[in-house]
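Please work through the following exercises with the sequence and the coordinates at hand. Each task is followed by a solution in steps.

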Amino acid sequence: MPLDVIKKYEDKRKILDCAETYDIEVEECMKGTGACLKIRGLVHDVMDAGAQIRGIIQNIKIDIENEKKMKTLAQNVVWKFEDTDGQYDVYDEHITGLIEIAYQGDKQPVDFVINEQRFRIDFGQMTEMNLDDPDASIAKVRRELKAGGIPLPENWVKMADKEQVKRVLLGSNSDEYSKVEKRMQESYKPNSIVQIERIQNPKLYRQYFVERQTMVAKNKPEIQNERKLFHGTAEDSIEKINKNGFNRSFAGKHAAYYGNGTYFAVNAKYSASGTYSSTDSKGNKHMYLAMVLTGEFAVGKSGFLVPPAKGSDPTDCYDSVVDNETNPSMFVVFNDAMAYPEYLITFTQ
């Protein structure tokens, strides 16, 4: 059982408390280039304690990944609160990252602790409330992008301040249009391409950007972390995807042979089939050419909710799953922020 992730005293204390509860011995040892835990005791005690300790390590790894995300976010955005003098002070890096994750998510109120006092930010009102002091005044908060923060793609056109999504029609003579058309026609030549639109959604793009930075930092340099893949869709799903991204909760709507995630095809021909791209009232069909974070992958299996573990450590998982490990034609991701709907292609078969 890997021990590399256990750095904090309080985390080690949880494991020692577990060992005491089950009356087992826990010893740190070396395995390969990393540290691990060796557990000794009665078989049933070792089994029960081992399951609990794996859960502790899993939570530690989740915390570490969240810390990395928060650190990346804090490099690109600043959250400030108004003090009693009407001046704006900056939250620290950890709190800023915590607030930004909630803001980029469902914008539900987020709670945090500063100097042993609980605070809550309401994104609807953009205010901060002290939960432990009902007499304290409610402070205004605001969000600012740092200069040189998460940059939006250079080819995007300007958007209005409160514009969440913009569909940009590409000129059929532009290089951008030609690249998307060529990628599609590598495997499928439609009767006609009606139009190609670039989808501009700053919120989705920045979420994807953070996931990409995290994956690049985690994986070895030789890993191809990102691919351009196809996803067929029905007309009534387009606005939902443009605004909220791909939703893995719809897994199984057509098939979920390799797990309950979002499916992307290497070849446009697959996504153009009637199963995935239904014909609308005008006789048109639709598919996305998406940016997808595939990273390290393994063969998927029906019922998977997350990618499988790489080895004996159940917390060290692959990034995605495929239908064929040697020559994949399909990738499945289990995190909605790991794909961005870059282009929407409208075509006839």
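The exercises below treat model confidence, a helix pair, a sheet and selected residues.

**Conventions**

This is a predicted model, in which local features need pLDDT of at least 70 and side-chain atom pairs count only at pLDDT 80 or more, while totals for chains, interfaces and linings use all residues. Residues are numbered from 1 along each chain as its sequence is written, and side-chain values use heavy atoms, with hydrogens and water left out.

**Exercise 1. State the mean pLDDT of the chain and examine residues 1-5.**

Step 1. pLDDT is the predictor's confidence in each residue, from 0 to 100. The chain has a mean of 88, and 93% of its residues reach 70 or more.

Step 2. Over residues 1-5 the pLDDT is below 50. Beyond near neighbours in sequence, this stretch has 22 contacts in the model, a contact being heavy atoms within 4.5 Å.

**Exercise 2. Describe how helix H2 and helix H3 are packed.**

Step 1. Two packed helices are described by the angle between their axes and the distance between the axes. Helices (H or I, at least four residues) and strands (E, at least two) are DSSP runs, numbered from the N terminus. Axes are lines fitted to C-alpha atoms, for helices over the stretch in contact, and angles run from 0 to 180 degrees between N-to-C directions.

Step 2. The axes of H2 (residues 43-74) and H3 (residues 93-104) come within 8 Å and cross at roughly 95 degrees. The two helices are therefore roughly perpendicular to each other (angles under 35 degrees count as roughly parallel, over 145 as roughly antiparallel, 65 to 115 as roughly perpendicular and the rest as oblique).

Step 3. Residues of H2 in the contact include Asn66, Met70 and Leu73, and those of H3 include His94, Leu98 and Ile101. By class, the contact has five nonpolar, five polar and five charged residues (Ala, Val, Leu, Ile, Met, Phe, Trp, Tyr, Cys and Pro count as nonpolar, Asp, Glu, Lys and Arg as charged, and the others, Gly among them, as polar).

**Exercise 3. In what order do the six strands of the open sheet stand, and which strands are at the edges?**

Step 1. Two strands pair if DSSP finds at least two bridges between them. The order is E4-E3-E8-E7-E6-E5, with antiparallel pairing.

Step 2. Strand E4 (88-90) and strand E5 (110-114) each have a single partner strand, so one side of each is left without a neighbour in the sheet. On average, neighbouring strands are turned by 35 degrees against each other, direction ignored.

Step 3. H3 packs on this sheet and touches strand E3 (77-82), E5, E6 and strand E8 (139-145). The direction of H3 makes about 175 degrees with that of E5.

**Exercise 4. Is Ala139 buried or exposed, and which residues does it touch?**

Step 1. Ala139 belongs to strand E8 and, at 9% relative accessibility, counts as buried.

Step 2. Not counting residues up to four places away in sequence, Ala139 touches Glu82, Met126, Thr127 and Glu128. The C-alpha atoms of Ala139 and Tyr88 are separated by 9.8 Å, although the two residues are 51 apart along the chain.

**Exercise 5. Characterise strand E12 and its pairing with strand E16.**

Step 1. In E12 (residues 262-265), Thr262 and Phe264 on one side and Tyr263 and Ala265 on the other are all buried, and both faces are covered.

Step 2. E12 pairs with E16 (residues 330-333) in the antiparallel sense over four bridges, and Ala265 stands opposite Met330.

Key: Buried < 20%, exposed > 50% of the residue type's maximum accessible area, 1.4 Å probe, protein only.
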